[in-house]
Amino acid sequence: MGSFPSGIRHDYKDAPPAAAAKRLPRWPWLAAGVTMPLIAAVVLILVSTGSETAAVPEIDDLSRAADPVVFANTPQTGFEPRISDRDLSGDEIRMIVGRGDSLGQMFRRHDLSLGDLDEMVELSDAAYYLRMLNPGNEIIVAHQEGRVQSFEREIDDFKALRIVRTSDSFSAALIERPVENRVVGAHGIIERSLFLAAQDAGIADPVIMKMAEIFQWDIDFLKDVRAGDEFTVIYEEIWREGEKLKDGVILAAEFMNKGTPYRAARHTDRDGVVDYFTPEGRSVRKAFIRAPVDFTRISSTFDLARRHPVLNTIRAHRGVDYAAPTGTPVRAAGDGTVNFRGARNGFGNTVVVEHGGRITTLYAHLSRFGDIRVGSRVQQGQTIGYVGMTGLATGPHLHYEYQVNGVHRDPQTAVLASSEPVYLADEDLVAFQTAAASLWLQLDRHRPTQLRATATY
Ligand SMILES: [Zn+2]
């Protein structure tokens, strides 16, 4: 416990003076502590679309074939997806659903056969999507003198309902709308905040948040990030017909923190579980996350340089303070069991979680508690309370402690992984490394310097 990372605000009262003297001047924006939105790790998994990272093609070769998804009891139509707001022939009508519109009204407006609509609504596979219209949905109808030949109704960015006339009636199928996944990369250098750097690099906030999630086990994005840190992100954008719909998943990322590079790439295992792994095939996940504060509610754009460093002035306690607005969710740093939930003198509202390996974590000054009780099992990242300033506190912040065998350890420097690292099994490892090879190259290519070409990861 003798040395502390320079620059980290530290409020251990037993910190040796020598170590204290060695501290570099605090970055003004660092003392501010809180900064950066970070979605719970769970979201990372949920958000992923399940698309394989294996065999990621080169940037200009990413269009994916659209396979029609056909209802089990509906004959395959064989029609290609064909949704467009361009090049409509004279017998095609493109309609946009307005507020309160029903298909009946829309059919009447365009002199389309209401008898046909009645037949279409009879199709059990189609009925739901014909009744549940959302304003803004696009509908394209091909007709002959009002008799419907085909009907396409946008469901979402990726799916449409398609109905075609058959010899005696209609048949319906769900089809995939063709989208194109483009791989893009960006690099940034942090001067004042991660988010400002991301903006400069043209990266949207949700993407940079996802990147922070990937590295949250190794890097405390509230306290560890420094001016001069660099990041590179290779991610997907989802396009259709020349229009970007949204950002997709991160395929690989690198974060250079205080001169130490961290790299990870996305991998989907044979069971369909998505995770990020280092070049050696080690999962980025660990028993404890570095920062037990969820930054998602904190404005993603504020400037660290403007944060006032008045907080972090409480003395005589053995933990780390995370300044954050009242109400910011506090997350369990690891899986465990709640063994205290209540008011505790100067700590105010406090939660203590007992983990394996005789490790406990403590969270104090909470404004209120999460949905937990003494004895509740909590999962890593689960909200156990909300930042506040109950007890003795000069401003809203989380006081966080980490103990092993009842002895306080500095959560910033303690070896946080009490469990064995998880490595990919041999078969998965080969697949991962083969697929990731091109991603590491892309990371290198997006970095302006080759300084880290020989770095070990
Ligand atoms: Zn404190």
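Biologist: Hi! How many bridges join β16 to strand β18, and which way do they run?
Modeller: Two bridges join them, and the strands run antiparallel; β18 covers residues 383-386. Strands are DSSP runs (E, at least two residues) and helices are too (H or I, at least four), numbered from the N terminus. Two strands pair if DSSP finds at least two bridges between them. Before we go on, this is a predicted model, where local features need pLDDT of at least 70, side-chain atom pairs count only at pLDDT 80 or more, and totals for chains, interfaces and linings use all residues. Residues are numbered from 1 along each chain as its sequence is written, and side-chain values use heavy atoms, with hydrogens and water left out.

Biologist: Thanks! Which residue stands opposite Arg 368?
Modeller: That is Tyr 386, in β18.

Biologist: And what is the strand order in that open sheet?
Modeller: The order is β12-β18-β16, three strands with antiparallel pairing. At the edges are β12 (329-331) and β16 (368-369), each of which pairs on one side only.

Biologist: New topic: β4. How many of its residues are buried?
Modeller: Five of the seven residues in β4 (residues 159-165) are buried, so the strand is mostly covered. Buried means under 20% relative accessible area, exposed means over 50%, and partly exposed is in between (1.4 Å probe, protein chains only).

Biologist: Which strand does β4 pair with over seven bridges?
Modeller: With β5 (residues 170-176), in the antiparallel sense. Leu 161 has Leu 174 in β5 as its bridge partner, and a hairpin of four residues joins β4 to β5.

Biologist: What about β3 and β4, how many bridges there?
Modeller: Five bridges join β3 (residues 147-154) to β4, again antiparallel. Glu 154 stands opposite Ala 160 in β4, and this hairpin has four residues between its strands.

Biologist: Is Ile 140 buried or exposed?
Modeller: Ile 140 counts as buried, because its relative accessibility is 5%. Ile 140 sits in strand β2 (residues 138-144). Ile 140 and Glu 152 are twelve residues apart in sequence and 5.2 Å apart in space, C-alpha to C-alpha.

Biologist: One more: which residues form the negative surface patch?
Modeller: Asp 118, Glu 119, Glu 122 and Asp 168. Patch residues have over 30% relative accessible area and no salt bridge, with like charges joined within 9 Å and nonpolar side chains (Val, Leu, Ile, Met, Phe, Trp, Tyr) within 5 Å. A salt bridge is a side-chain nitrogen of Lys or Arg within 4 Å of a carboxyl oxygen of Asp or Glu.

Biologist: Where is Glu 122?
Modeller: Glu 122 is in helix α5 (residues 114-122), and is exposed at 65% relative accessible area.

Methods: Areas by Shrake-Rupley, 256 points an atom, 1.4 Å probe, with all protein chains shown as cover. Lys, Arg positive; Asp, Glu negative; His and termini not counted. Charge placed at Lys NZ, Arg CZ, Asp CG, Glu CD.
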